[in-house]
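User: Hi! I'd like to learn how to read some backbone and packing features. Could you take me through them one at a time?

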Amino acid sequence: MIHSTPRGFRDILPQEALTREKIAGRVREVFSAAGYLPVETPLLESREVLERAGRIKGVPFQLIDDDDRLLMLRPDLTLPIARMVASRLSDPAGFPLRLRYQAPVVREQQSLRGEARQFTQLGIELVGAPDGEAEQEVLQLLAQTLDAAGIKGWTIVCGSVQPLRAALDVSGLSEEQIQEVLSLVHESDLVGLDAYLDVCGLCGPAAQAIREIPRLSGGSEVIGAIDALLEKAQVEPDQRGTQELSWLVGSLDVNGSPWTPSFDFSIINSFDYYTGLIFKAYAPGCSASVASGGRYDAVLSNLDARAAACGFALSLERVQASLDAEKDIRKRPLRIAVPKGSLFAPTVELLKRAGLPTEELDDLGRKLIVNAGEVEYLIVRATDAPAFVAYGGADCGICGNDSLFEANLDLIQLVDLKVGACHFVVAEPASRKGFAEKAFARRGSYRVATKYPRITQAYYDSIGCPVDIVALHGNIELGPIVGMADRIVDITATGTTLKENDLVVVDDDVMNCSARFFASPAAYRRNPQVRTLAEALSRIS
């Protein structure tokens, strides 16, 4: 009998533990040499207190203690340290505080994703340092840390929440609309952002700034591009957030920094958490960021402590994964996940028009990987394309936005390709008209069969109606016909299948779909070929 650990948790045996210890030791030496002192916070925290501080990252594990207080296992270290500073170290006479930590954190993850639920963070927090100097010190320390950890070819990408916030403040959008825009940017759904602004009827310089800022990337010239956009939108210079970025670039140059920051404003997320500079570090062989951080004054302010705060957290597991992958990393072509089925032909045509070699795709046979010189094509199911890209099997891909919504992975949606158009509907047997309403009156919810549980749940949530979802993988039309469900939610282009099975549409406003070009955050921010392809597809779509 095998006595295994729970899903997402694992034992670390001596050989690996020694490797992790060496990595952590080198990181601690960098932190200590810079004057950062160790702190520890409890494994359990009050959820109420941490929620007051800021957005809780990930879904936490929770329990209720004997005092009837809702507690949670810490999902990160920044919020607990902010709570500690606000309650015990808030005297400005003791500033600046330089604190470091190493501790495990836990976050719930969905089943069948192969993701860890416990990992170790190493990080620093700088509280009460002068504006500008704090960001410079923290970024320099992150660069030294990545070098000390032994990572080669790392990239630090910077952004800021302030420019987009400034554009939204002069846009005339309602608070509800602003929150929806922020949510779309937080989810990296740039296609959805464009569509929502169209629905809002927003146009002019403010709309242009809101659309373009999350797409800007490059060197320090990007700061000038943001200034130009916000000047047209009549945002005052001191409200744009660009002066701080220019000062940061200049200060790194003056101090002889061996690296210069690159900018990518698609990382501008967590608007209720960060208040200025945001940055992420990427490393070869790792499909997610190995470190992230930024300026988060609002967290301390929410806890009634007034102080500037900046820091970063490094994932020990991701650093380890990057180092382990180094010996296996080869320079490979741009790898694109190409969907099988009805989207295959239009996808190939779009890639051809975008200037990529597609001749090898004309006679595919049973090939799963097609090497075309400068690119490799992975032939996958459309529903699997998001996973291949999110977990590093491919750099970018194409599939319907329904597949992206169902996958719910960390991906950047870049271009609406305007092919493969279809929409989701709610349908029921014509011969059972009225049965669903009677069942609802008795049961208090609709029972719905579908292959798309997340889309179905989101739709019924949007109309405020309880639903019991029966997840099927095919022939869902049978569900209500044989009485195991009241209705179905399914995708349709012509409605032929519904008619052939005596199904009639009850609601045709669930979701509209079309194919989208998307990429992993790491590939989008490290590989210029991905951005070039996105621009080419945008021009022809």
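Analyst: Gladly! Let's begin with a term: buried means under 20% relative accessible area, exposed over 50%, and partly exposed in between (1.4 Å probe, protein chains only). This is a predicted model, where local features need pLDDT of at least 70, side-chain atom pairs count only at pLDDT 80 or more, and totals for chains, interfaces and linings use all residues. Residues are numbered from 1 along each chain as its sequence is written, and side-chain values use heavy atoms, with hydrogens and water left out.

User: What is the phi of Gln-234, and is Gln-234 buried or exposed?

Analyst: Most residues other than glycine have a negative phi, and most peptide bonds are trans. Gln-234 has a positive phi, near 65°. Its place is the loop between helix H9 (221-232) and helix H10 (242-254); helices (H or I, at least four residues) and strands (E, at least two) are DSSP runs, numbered from the N terminus. Gln-234 is exposed, at a relative accessible area of 68%.

Asp-502 also has a positive phi, near 60°. Asp-502 sits in the loop between helix H19 (496-500) and strand S22 (503-513) and is partly exposed, at 39% relative accessible area.

User: Which peptide bond is cis?

Analyst: The bond from Phe-95 to Pro-96 is cis, with omega near -5°. Pro-96 belongs to the loop between helix H3 (78-88) and strand S5 (97-106).

User: How do I read the packing of H5 and H6?

Analyst: Two packed helices are described by the angle between their axes and the distance between the axes. Axes are lines fitted to C-alpha atoms, for helices over the stretch in contact, and angles run from 0 to 180 degrees between N-to-C directions. The axes of helix H5 (residues 162-169) and helix H6 (residues 175-186) come within 11 Å and cross at roughly 155°. H5 and H6 are therefore roughly antiparallel (angles under 35 degrees count as roughly parallel, over 145 as roughly antiparallel, 65 to 115 as roughly perpendicular and the rest as oblique). Contact (heavy atoms within 4.5 Å) is made by Leu-164, Arg-165 and Leu-168 of H5 with Ile-178, Val-181, Leu-182 and Val-185 of H6.

User: What is the strand order of the open sheet of five strands?

Analyst: Two strands pair if DSSP finds at least two bridges between them. The order is S20-S19-S21-S18-S22, with mixed pairing. Strand S20 (467-471) and S22 are the edge strands, each pairing on one side only. The twist averages 30° from one strand to the next.
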